[in-house]
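Thank you all for coming; I would like to walk through one model this morning, moving from the place where its chains meet out to the separate parts. Please have the structure open while I talk.

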Amino acid sequence: MKTDPLGVLTGEHYLDGDYACGEGAMAAGCRFVAGYPITPSTEVVERISQRFPMIGGTFIQMEDELASMAAIVGASWTGVKSMTVTSGPGFSLMMENIGLAAMMETPCVVVNVQRGGPSTGLPTMVGQADMMQARWGSHGDYEIIALCPESPQEAFDLMTDAFNLAEEYRTPVLFMMDECVGHMTEKVVIPDPDKIDIVPRKLTRAKPEEYKPYLVNGNMIPEFARAGDGYKFHTTGLTHDEKGYPVMSEECQAVLVKRLVDKIRLNADEIAKYKEDGVDGADVVLVTYGITARVARMGIDLARKKGVKVGVIRLQIVWPFPEKRIRELAGKIKAFVVPEINYGQIVLEVERCAAGKVPAILVSHMGGGVHNPEDIRDAILEAAK
Amino acid sequence: MSKVIERTIDATEHPISPYIRMDRMPHIWCPTCGIGTVVKCYATALDESGIDINKVSIVSGIGCTGRTAGYMNLDGFHTTHGRAVPFATGLKLGRPELLVTVFSGDGDLVGIGGNHFIHAARRNIDLLVILINNFIYGMTGGQNAPTTPITAKTSTMPFGNFERPFNIPHLAASCGASYVARYTSLHVRRMTKAFKEALSRKGFRFIEIVTPCSTLYARLNKLGTGLNLINYYEKSSEIRNGVDTRDIDISFQDKIICGKFIDEERPTFLDMMHDHYKRTLGDRYVPMSNEGGMIRE
């Protein structure tokens, strides 16, 4: 369906990535946000708290990030599109209830504007070191969807994807910005509301007496009933059967957890979103995301000037990882190069998919700034030898 | 001499069976545990108050009391340890017409969840919070709780507790709760009446029920069974409505002051928010509707 025009600030704007992210959420139909202040993400909720009273949304500043995450999971059970926003330390605190959202199959969006870590780290400076935490941060087996914008414009655009994927797969979706994208100001074009397609909450049509909250018929996504509609359903963070009742057995665990993982893993190709440039016939392929994708462009240009055939895959959705595409390329190229602002995270995933056929070379920046394009160029030249 | 009373109870004929997921019985609670009594009184209060059950949600955290959300035939959310109150806050704000009750144990509500408890009371968010206080962590095997009376033995204070416990009605009252009461699971009529009354009120309503844990608290402290604890409640509890909550600490096997301590109408979080935005933004204010913020097809 087309989005609710009330949330859409159509026009050309000059916005930083945090504001653009907030506008993207409102344009995508988000109407409940709970958050706790943390640099460098706070501008997202500041923007939202300024506009929500005029568009029928409710913002609440909770007492901590544990509460913020719990509140958006609770709110989502009323059918409202809900979101919270944080950075590294707050992201760590949210992990338990991200797991609850995954287990209860609750659509919601968590924005993490990444800064340098570990611990308090570099609160005002960039990092990309939460990428594996996004994938594995909560305990137990589950799969997640995570997006990564490279610009304020994309912070706006990809928010619609984030909310839509949360609805389609009934899962928490992580929006992995970084401080650079969050704080850089650029032109952002917000389209007309009739150009923004959103996925509304699909409510079950089953009769209350026949409804089972976790029954799946063929596909892997159960039908949703919202609180207050007379379904009297039960949901729990315990391992549960199709009625939502706790069942402490190996069999129930296997059926439930396999489905939670497979509903995303088996749809990875469907979910995947990346942009390619010059990959066909390339000797070296860069795998990039976030602000680093933009820095890498100059490194690529410099390498191309030296005659190297270099292509790039820019990940807009990092999790689930585009495994199939990386495997295909591994048979055709000399090496992957992965620049990232951490000491090696996504490079591990590239290496796994390359499965020993070609090397995956890390170009690390430890955080607090972005790469020198020359370092990326040099890595490409080395890889092409 | 104990007598065996032979009778069969038809599950469908029990007066509160419409409020219970009978397909989940028997429950996991121990014999002479007090939680079932509180559930019965809450269900009775719902029944007698005649409110639309379809609009009632129940949220609980983790522990013995945490299981309540799974046994009641309502929209029920069994969430994470300590987070029932913020989860319920989201539920209420997402669809303001809902009537949301939190069932929580003492460790859940004021141990791991203490921060949420005081802030929800401060905001006067529209929640009925029922605390089942058995002075101990039951589910995990009898560890010390933030409510364990001084000298009482727990599995992590084997020589007796020396930490000062919370006086939770006082905590709730000092943070701004609009309704505060305490009873024991002996006081089934007063408790039911308090639940009914609190269901008709707005804002942050807090009711503490002191209940027996026979398997751990009574056994570790050589107090007999749950029945002996009920006898102790009968002997040592005192109804003192309106008393200053500063004076109602509970000491080991000592007096338990019960009653209704606070019943004041105060504007809730949503009242304050609506009034403030109406005043400051005028016609530009678009409140979320009572049916919630869901965007429909």
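I begin with one pair of residues: A:His234 stands opposite B:Gly76, which lies in E2 of chain B. Please keep in mind throughout that this is a predicted model. The strands behind that pair, E10(A) and E2(B), run parallel to each other and are joined by 3 bridges.

Within it, B:Ser60 has B:His78 of E2(B) as its bridge partner.

The contact between the chains takes in 48 residues of chain A and 41 of chain B. On the chain B side, the elements that give two or more residues are E2 and the helices H3 (84-94), H5 (114-123) and H10 (269-281). Which of these elements gives the largest share of the side of chain B that touches chain A? That is H3(B), with 8 residues. By class, the side of chain B that touches chain A has 16 nonpolar, 16 polar and 9 charged residues.

**A helix pair in chain B**

Staying with chain B, helix H1, residues 35-49, packs on helix H7, residues 188-200, with the axes 8 Å apart and an angle of about 50° between them. An angle of that size makes H1(B) oblique to H7(B), and the crossing of H1(B) with H7(B) is right-handed. From H1(B) the contact uses B:Thr37, B:Cys41, B:Tyr42, B:Thr44, B:Ala45, B:Glu48 and B:Ser49, and these meet B:Val188, B:Met191, B:Thr192, B:Phe195, B:Lys196, B:Leu199 and B:Ser200 of H7(B). Sorted by class, the contact of H1(B) with H7(B) has 7 nonpolar, 5 polar and 2 charged residues.

**A helix pair in chain A**

Turning to chain A, we have helix H1, residues 17-27, against helix H6, residues 152-169, and here the axes are 7 Å apart and the angle is about 25°. Are H1(A) and H6(A) roughly parallel or roughly antiparallel to each other? Since angles under 35 degrees count as roughly parallel, H1(A) and H6(A) are therefore roughly parallel. The crossing of H1(A) and H6(A) is right-handed. Among the residues that make the contact are A:Ala20, A:Cys21 and A:Ala27 from H1(A), with A:Phe156 and A:Met159 from H6(A). The contact of H1(A) with H6(A) divides into 8 nonpolar, 4 polar and 2 charged residues.

**The two domains of chain A**

The domain assignment of chain A gives domain 1 as 5-195 and domain 2 as 274-384, and the centres of these domains, taken over C-alpha atoms, are separated by 26 Å. Between them, 23 residues of domain 1 are in contact with 22 residues of domain 2. On the domain 1 side, the elements that give two or more residues are E6 (122-126), H5 (131-136), E7 (145-147), E8 (172-178) and H7 (179-183), and the largest share, 4 residues, comes from H5(A). The residues on that side of domain 1 divide into 16 nonpolar, 3 polar and 4 charged.

**A second sheet in chain A**

Finally, chain A has an open sheet of 5 strands with mixed pairing, in the order E11-E13-E12-E15-E16. Strands E11 (274-277) and E16 (360-364) stand at its edges, each with a single partner strand, so one side of each is left without a neighbour in the sheet. E15, residues 335-340, runs parallel to E16(A) and is joined to it by 5 bridges, and in E16(A) the bridge partner of A:Glu340 is A:Ser364. Across E12 (284-288), E15 and E16 lies helix H12, residues 346-354, running at about 165° to E15(A).

How values were computed. Residues numbered from 1 in each chain as written. Chains lettered and ligands numbered in written order. Predicted model: local features only at pLDDT ≥ 70, side-chain atom pairs only at ≥ 80, totals over all residues. Axes fitted to C-alpha atoms, helices over the stretch in contact; angles between N-to-C directions. Parallel < 35°, antiparallel > 145°, perpendicular 65-115°, else oblique. Left-handed = near helix turned anticlockwise from the far one by under 90°. Contact = placed C-beta atoms within 7 Å. Nonpolar A, V, L, I, M, F, W, Y, C, P; charged D, E, K, R; others polar. Pairing = 2+ DSSP bridges. Domains from an automatic or database assignment.
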